[in-house]
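Please read it alongside the sequence and the 3D view.

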Amino acid sequence: MADTTSKRPVDSSAAPTRTSSPASPAAAEDTDLSPAEVGGAVSEPDETAGDEVVADLEADLDVDEVQVVVDLPEAQHEAPEDEKAVAIDDIPVDPGEVVAPSTRSVTVVTAVAPTSGPTPVEIPATVVATPITGPTPLAANSTGPQPAFSTSRRDRLRGEISDQPEPATMLTADRILDGRYQKKNEPTGWWRRAVWYLTLKNVNLGDSPAERHRKELDHRIRKTFDGTTRFVPILTRKGGVGKTTVTTLLGMALADVRDDRIIAIDANPDRGTLLERVPRYTRFTVRDVVDRAPGIGSYTDFSAYVSRDETRLDVLASDTDPNLSEAFNENDYNVVADLVSKYYSIALTDCGTGIVHSVMRATLRRADSIVIVSGGSVDEARLASETLTWLDANGYADLVRNAIVAINTATHGTNLVKLDEIESHFRSRVRDIVRIPYDPVLAAGSVVPYQHLRAITKEAARQLAALVVEGLPATREKAVPAAVDALAEAPVEA
């Protein structure tokens, strides 16, 4: 350590010089030090001796302070063995050159070497950086790929001119047609129409909330599908809860809104009553379709076996022959389903009560969604829930989660139960629930004229149709009608 504080300089020429007598040779021989070290080596003074020497120097030199510089050797750190074992060598790292970021476009040009010769030569890619100064116009004689047209339709409506050629899709009706000469839709509601006519058709208040709700349901029901037919079974484990009624309402609501073909198949292994809900225009049944399947080659041929109501819903009746012990089985259903998949978009299946019947197995294999019908009594709701339990335990858990429960409130005992509690139970198991209200047209058990139904009944049917359509897959590959191919060479019964 050294004290570097000094108040004034010391004149070394004026200060007397002290000399020490050299050590005698005898004294040098009595020690282990060399002669050079003997002459200059002194024992290291302690702190008190150092202060006395400084005081003597100050007295001799007549100065206030003396600066003493002592060079001490650097302390050597000896690392222990455990520290050496985990020590990491210090290796200098060159950070390189830091380049400031800039906005530049980079074009990668890859040079391709000729492939002729024994050994192809791989040439590295060259990176060319070009400052961005604006959009680069496309050369008139360019033969390379044309850039995609990225200008929005809104820009086109504002009249902005594009430097790129416009595709034909930009010629839309709302861009070209003059709105002043287009016919405006008349609003719904008497007072909205009154305002429309009193203002000489200049003030249009738009549709009423009820009309907007109707159009929204129509849009949901009109969902388009790609591929083959979507199959929707309507089932439950208890008879008399309204499966046939729900099938009829759902089919009519779909056929009334959609533009494609809808069919309802009576797949009851016993005697079904689906055909009694629509006007009957043919005497054929599913048995005739199965027997004559090889001769059905078009929709015109198939339409001769079905009945159609006012909403364009096609109904294929079950066999009513009392001499048959079984009107419909699994193979029969597969034949009918393969034919239906050629001509229809949605096929509803009115199932029987035998959930373990072979027809039910074939029906569930083709099902894209299901509708479970429940009544308003305790036993009807419990059996409907047990139907879901059976489906879940037999490998149809996906159908259960996507199912819709239709609660028929026209059954006996509905006024004695808490429908909210029944709905709360089913909401924990299925996708959604719809209440089917009481309607005298449905209670008659005869032909159902869709236009004569109460407004609340048609609204429930349309809501059920919208929910079912939303649960159907939009795209799917076409299935191969295996059953029809197997009967292709069968003789045709006259």
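The report covers salt bridges, a cavity, a surface patch and backbone angles.

## Basis of the model

This is a predicted model: local features need pLDDT of at least 70, side-chain atom pairs count only at pLDDT 80 or more, and totals for chains, interfaces and linings use all residues. Residues are numbered from 1 along each chain as its sequence is written, and side-chain values use heavy atoms, with hydrogens and water left out.

## Salt bridges

Side chains of opposite charge can pair when their charged atoms come close. The search of the whole structure finds 17 salt bridges. The term means a side-chain nitrogen of Lys or Arg within 4 Å of a carboxyl oxygen of Asp or Glu.

R258 pairs with D260 at 2.6 Å, N to O. R258 is buried, because its relative accessible area is 4%. The cut-offs are under 20% relative accessible area for buried, over 50% for exposed, and partly exposed in between, with a 1.4 Å probe and protein chains only.

## A bridge between two helices

E330 and R365 meet in a salt bridge at 3.6 Å, N to O. This pair links distant parts of the chain: E330 sits in helix α12 (residues 330-343) and R365 in helix α13 (residues 358-366), 35 residues apart. Helices (H or I, at least four residues) and strands (E, at least two) are DSSP runs, numbered from the N terminus.

How do the two ends compare in accessibility? E330 has 16% relative accessibility, so E330 counts as buried. R365 has a relative accessible area of 59%, so R365 is exposed.

## A charged network

E423 and R435 form another salt bridge, with their closest N and O atoms 2.4 Å apart. E423 lies in helix α16 (residues 419-427) and R435 in strand β10 (residues 432-436), so the bridge ties together parts that are 12 residues apart in sequence.

E423 counts as buried because its relative accessibility is 12%. R435 is at 33%, so R435 counts as partly exposed.

## The cavity

How many cavities of 30 Å³ or more does the structure hold? There is 1. A cavity is a set of points, on a 1 Å grid over the protein atoms alone, where a 1.4 Å probe fits but cannot get out; lining residues have an atom within 4 Å of a point. The largest cavity has a volume of about 50 Å³, and volume means the space filled by probe spheres set on the points, which are joined across faces, edges and corners.

Its lining consists of A267, P269, C351, G352, T353, G354, H357, V359, M360 and T363. By class, that gives 5 nonpolar, 5 polar and no charged residues.

## The loop between α7 and α8

W190, W191, V203 and L205 form a nonpolar surface patch with about 450 Å² of accessible area together. Patch residues have over 30% relative accessible area and no salt bridge, and nonpolar side chains (Val, Leu, Ile, Met, Phe, Trp, Tyr) are joined within 5 Å. V203 lies in the loop between α7 (190-198) and α8 (209-221). V203 counts as partly exposed because its relative accessibility is 34%.

L200 is in the loop between α7 and α8. Its phi is near 55°, a positive value in a residue other than glycine. Most residues other than glycine have a negative phi. L200 is at 68% relative accessibility, so L200 counts as exposed.

R312 has a phi near 75°, a positive value in a residue other than glycine. R312 lies in the loop between β5 (307-308) and β6 (313-316). Its relative accessibility is 33%, so R312 counts as partly exposed.

Technical notes
Patches are made of residues with over 30% relative accessible area and no salt bridge: like charges are joined within 9 Å, nonpolar side chains (Val, Leu, Ile, Met, Phe, Trp, Tyr) within 5 Å. Accessible areas come from the Shrake-Rupley method with a 1.4 Å probe; for residues, only the protein chains shown count as cover. On a 1 Å grid over the protein atoms alone, a cavity is a set of points where a 1.4 Å probe fits but cannot get out, and a pocket is an open set with protein on both sides within 12 Å along at least five of seven lines; lining residues have an atom within 4 Å of a point. Ala, Val, Leu, Ile, Met, Phe, Trp, Tyr, Cys and Pro count as nonpolar, Asp, Glu, Lys and Arg as charged, and the others, Gly among them, as polar.
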